Amino acid sequence: MTDTVPSTAESHAPDEAHPEGPAALTFAPSPEFARQANATADLYAQASADRSAFWAEQARTLLSWATPFEEVLDWSGAPVARWFADGRLNAAYNAVDRHVEAGNGDRVAIHFEGEPGDTRTITYADLQREVSRAANALGALGVGTGDRVAIYLPMIPEAVVTMLACARIGAPHSVVFGGFSSEALRSRIDDAGAKLVVTADGGYRRGAASPLKPAVDEAVAAGTPTVEHVLVVRRTGGDVTWTKGRDVWWHDVVDTASDKHTPVDVEAEHPLFILYTSGTTGKPKGIFHTTGGYLTQAAYTHRNVFDLKPETDVYWCTADVGWITGHSYVVYGPLINGATQIVYEGTPDTPHRGRWWELVQKYGVTILYTAPTAIRTCMKWGEEIPGGFDLSSLRVLGSVGEPINPEAWTWYRRVIGGDRTPIVDTWWQTETGAIMISPLPGVTTTKPGSAQVPLPGIAAEVLDDDAQPVANGQAGYLVLTEPWPSMLRGIWGDPERYADTYWSRFRGLYFAGDGAKKDEDGDIWLLGRVDDVMNVSGHRLSTTEIESSLVSHPSVAEAAVVGATDETTGQAVVAFVILRADAVTAGRPVEEVQQELRQHVARQIGPIARPRQVLVVPELPKTRSGKIMRRLLRDVAEHRQVGDATTLADSSVMELISAGLAAPK
Ligand code: 6R9
């Protein structure tokens, strides 16, 4: 059975230079797929006829409400939306209990696979008991409705359980990615004012136990006055230092707690979680989401974009819960929809490069959602690796995190999807909470490399500098023109920064920070960030944050960071630094200083931010107003002819930099 049929000959490769050109391949949905698909073209018509009625219907059919809502959208406090505000509900009840009540307690919620190969099978009934125990334990540790909980865990079931336990008592969680440093963790705990930190002794990564608790100890020691307790999961059995009275073991307080707990119903606008993301300044932004609208759109998109059939599908999203994709498409979307899913702890190449494909074969995964950087890595390793496994169970493939180049798209479909599966390239952000622009499988004729159209219920536009919609074929700035249910409700503790960051560039419209192009058919192609945010392996990093880190090192006088195109990670961090005179005269080999600086950034921010290269330069290119011209440095980092440098205060700087870099060290 073919699920999609190419509308031009398979041998006709897409034109790389003009991926959206008429010669590009398109893939129309197969009649077989369309016939069984959850989504139909009619959804677009329904949504545009009455957007508000459309979302109200989604909220009523996809969620169970303790108190039904009457009001759909209140936009009178723009740019802060209120959705379904007079309704009440509980997120964990929706994600877990109601499936048990409906007689699906025996359905597997999570097939967990640890990196060392240990496994756990968790049904919805198991999950209900475990989440209830954890909720009772959180209560006993003094966490109540409205208190914040920081979560710093590996990808183990306890991460999902803790998030749901927080939701169950109405305590907003703030998950901090386990790869972040103790300083990054400290500032996030502090900004959120978290009362409890949930962590583990460690997790398994690349074949070894990697400790986590020391970072929490360091963060709390450095000053987190709000933290009362640290709850610790034993995962690796490694040694931990223990602070009596503050630290408690999960197995002591959760495993022994009652497995009965009544979920706390909250208002639809009650905060569900805070998640920090990089902005254009050094200080990360605490994006916060509320309950009713967020869950509605997470469930709606998960059901329609991935065509989820909870009775038969085995779904796998490879994201870590430390990112928004893990929140919306590992925890809330799939569990609200009653899906069976895979949670995998480790890296794709441990103990071998076929690990992911082995898991697809072992569990019969039908829907796979991953990032372009992972796809490009697999391309590099060679198609004989996935070729060695039976991937015929797959029926929908998704992509998220950065633009997917047509080459990776077609490889994904051909090698992983057996030339059969629809591909959904899904554009969205931490701020949007859920997918916004994406094809619908069974409906959309897809184009490799394009996220294409706003989902039914979503309104987007591409504008020029004067806020006018661009003509087809032109590029501009991506904006969202109507409020949507899962939109962020703000930046935690900083309403002004929220209004400034997202709503001031184009008055009254949400500016996403991404460039985009409309092709001849009006389909949207994402072009990457237009601000100083880099995208490394689908993770957002701020140039400013890394520059601040470099400058905090005693050897560095000045630093400029750019994201240079990288074949595998999309962008890579390349740093240009001016060393302090005393560092230069200290007589240390430059390579040693470069290494030290790379480590310094990894320690301060996290390994993901470690520069691929640190280039030592005598000067940085600056405009007369003192703004660093990163565009020119990007030319250097990407080995291009350096572009127009006429606005530089000193136009000889670029020659100086290029000459210095060319000279053998
Ligand atoms: C979900 C997530 C958001 C930024 C976003 C954009 C980029 C995400 C994309 C994409 C092109 C896609 N991005 N998905 N670019 N095509 N399908 O990744 O959230 O970590 O907040 O990043 O990622 O630049 O603005 P987040």
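D307 lies in the loop between α10 (292-305) and β18 (314-317); helices (H or I, at least four residues) and strands (E, at least two) are DSSP runs, numbered from the N terminus. The phi of D307 is near 55 degrees, a positive value in a residue other than glycine. D307 is buried, with a relative accessible area of 1%, where buried means under 20%, exposed over 50% and partly exposed in between (1.4 Å probe, protein chains only). H639, in the loop between α20 (630-637) and α21 (653-662), likewise has a positive phi near 55 degrees, but counts as exposed at 69% relative accessibility.

The model is predicted: local features need pLDDT of at least 70, side-chain atom pairs count only at pLDDT 80 or more, and totals for chains, interfaces and linings use all residues. Residues are numbered from 1 along each chain as its sequence is written, and side-chain values use heavy atoms, without hydrogens and water.

The ligand is surrounded by 17 residues, the closest being D425, T426, T430, D514 and R529; a residue belongs to this shell if one of its heavy atoms lies within 4 Å of the ligand. Both α11 (324-336) and β27 (524-529) supply at least two residues of the shell. The table gives polar contacts, pairs of N or O atoms within 3.5 Å.

| Side chain | Distance to a ligand oxygen atom |
|---|---|
| Q429 | 2.9 Å |
| D514 | 2.8 Å |
| R529 | 2.8 Å |

Taken alone the ligand exposes 530 Å², of which the protein buries 97%; accessible areas come from the Shrake-Rupley method with a 1.4 Å probe.

Notes:
Polar contact = N/O pair within 3.5 Å; in protein donor to acceptor, adjacent residues only side chain to side chain.
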